[in-house]
Every structure is written in C-alpha cells, then in structure tokens.
Amino acid sequence: MRLTKFKKKIMDDQRLEEITGQLVDIVAAAGSVILEVYETNFDVQTKSDDSPLTVADLSAHKVIDAGLQELTPDIPIISEESETIYTKSENYWLIDPLDGTKEFINKNGEFTVNIALIENQFPTIGIVYHPLEGFAYIGGSKLGAIKIDSSNDQKIISVSQPTTPIRVVASRSHLNDLTETFINSLGSVKTIQAGSSLK
C-alpha cells in the first residue's frame, strides 16, 4: 500500500484533466524553439558531467519554465537545465527540456520534450512530446495513457501482449557490451533501438 494514499494531493483528478491541454501547448511551444535550432548549424557545449548541451536545451527550458510558472506558480520546477536541482518540496514539476541531445546533435530526429508532475514522490501526470513528428504521449494515475497526434486525434494506448521473439527496446546511443550480453541471454529477441524517451 502506498503512503501517498494518506497524503493530500495538490491537484484533484478534475484539475489534472484540465491542465493536460495546457501541458500539450507548453511542450508544443518548446518543440517549436527546438526545431528552429535543429535547422541551423548550432554549437555544442559540454556540461560538467561531460554530457552535451545546445542552445535548444536552454531555449526549451525557458519556454517550459515560463509556461509552468504561469500554470502553477506555487509548484517548484526541477529541470535538467535549471540552476536549482533539488527541492525539499514533495510536490514539483520534473522536466527534461530536450531529452536525447545526442540524437538531436546527430540529427536523427529521436529527441523529445518531457514533463512530469511529482506529488508526494509519485508521478501523477507525465507527457512526452516528439517535436519532429508532432505527437505526444500523455499518462496519468487517473487519466490512463493516450497518444495525441498532430491533428489532435487521440488514441488510447496500453501495454502490448508478450510476443515471440521477445521485443527488447534499447538505447540508440548508450547500448554497451553489458547490455548486449544481457539481451542475448534472453534467447529469441528482436532488438529495437531508439533515442530519448521514445524508448
């Protein structure tokens, strides 16, 4: 039994449904600034952890930060590109403005914008947006999971049934020998490689 059951949530289910459309607008706006950079010969910097950083990461962060502050000004925001990387609050937005920066740099299209609302250490809503294709996956503890395409058509999604061979989704940029050894130990498998949270 989850302890979160006994804690008051900052948003009821109706409010979560209300902000879903606004979250789609926020990630779409972030995706637009990302694509503007994607079409240019952008520079690549290196962060202290040796991961790459582009102006697209920073621009998307600013768009999302502004949008979430307007939407829910009382909820802290933790972003991969923010100066504040820790909060004592049990309720906060957790965002990755440009997930898959390596894929973005390699221009293979497999990058996303990710936002999640964490309430009492439990994710209650999340969105993954694919700027290049214009679709979003949205999931919530009371909302189920849906895919919204660029025409705003919605489709309920669910976990697929087991298949033979086993389908294994692995990172495109971070598939190492240890992971490959594990995958091979599973027997008959079909490996699908993808970047970012598209996995």
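A salt bridge here is a side-chain nitrogen of Lys or Arg within 4 Å of a carboxyl oxygen of Asp or Glu. The exercises below apply to a predicted model.

**Exercise 1. Find the salt bridges and state which residues they join into one network.**

Step 1. The count comes to two salt bridges.

Step 2. The side chains of Lys-47 and Glu-80 meet at 3.2 Å, N to O. That pair links distant parts of the chain, 33 residues apart: Lys-47 sits in the loop between strand E1 (45-46) and strand E2 (52-53), and Glu-80 in the loop between strand E3 (77-79) and E4.

Step 3. Lys-47 also forms a salt bridge with Glu-81, where the closest N and O atoms are 3.4 Å apart. Here the partners are 34 residues apart, with Glu-81 in the loop between E3 and E4.

Step 4. Through shared partners, Lys-47, Glu-80 and Glu-81 form one network. In general, side chains of opposite charge can pair when their charged atoms come close.

**Exercise 2. Classify Lys-47, Glu-80 and Glu-81 as buried, partly exposed or exposed.**

Step 1. The cut-offs are under 20% relative accessible area for buried and over 50% for exposed, with partly exposed in between.

Step 2. Lys-47 has a relative accessible area of 18%, so Lys-47 is buried.

Step 3. Glu-81, at 13%, is therefore buried.

Step 4. Glu-80 has 42% relative accessibility, so Glu-80 counts as partly exposed.

**Exercise 3. Describe the lining of the largest pocket.**

Step 1. The space in the largest pocket is about 300 Å³.

Step 2. Among its lining residues are Tyr-137, Ser-160, Thr-163, Ile-166, Arg-167, Ile-192 and Lys-199.

Step 3. Two elements give two or more residues to this lining: strand E10 (166-171) and strand E11 (189-194). The largest share, three residues, comes from E10.

Step 4. By residue class, the lining of the largest pocket holds seven nonpolar, two polar and two charged residues.

**Exercise 4. Locate Asn-120 and Asn-152, each with a positive phi, and state how accessible Asn-120 and Asn-152 are.**

Step 1. Asn-120, a residue other than glycine, has a phi near 50 degrees. Asn-120 lies in the loop between strand E5 (112-119) and strand E6 (122-130).

Step 2. The relative accessible area of Asn-120 is 8%, so Asn-120 is buried.

Step 3. For Asn-152 phi is near 70 degrees. Asn-152 is in the loop between strand E8 (144-148) and strand E9 (154-156).

Step 4. With 52% relative accessibility, Asn-152 counts as exposed.

Note on methods
Residues are numbered from 1 along each chain as its sequence is written. This is a predicted model: local features need pLDDT of at least 70, side-chain atom pairs count only at pLDDT 80 or more; totals for chains, interfaces and linings use all residues. Side-chain values use heavy atoms; hydrogens and water are left out. On a 1 Å grid over the protein atoms alone, a cavity is a set of points where a 1.4 Å probe fits but cannot get out, and a pocket is an open set with protein on both sides within 12 Å along at least five of seven lines; lining residues have an atom within 4 Å of a point. Grid points are joined across faces, edges and corners, and a volume is the space filled by probe spheres set on the points. Helices (H or I, at least four residues) and strands (E, at least two) are DSSP runs, numbered from the N terminus. Ala, Val, Leu, Ile, Met, Phe, Trp, Tyr, Cys and Pro count as nonpolar, Asp, Glu, Lys and Arg as charged, and the others, Gly among them, as polar. Buried means under 20% relative accessible area, exposed over 50%, partly exposed in between (1.4 Å probe, protein chains only).
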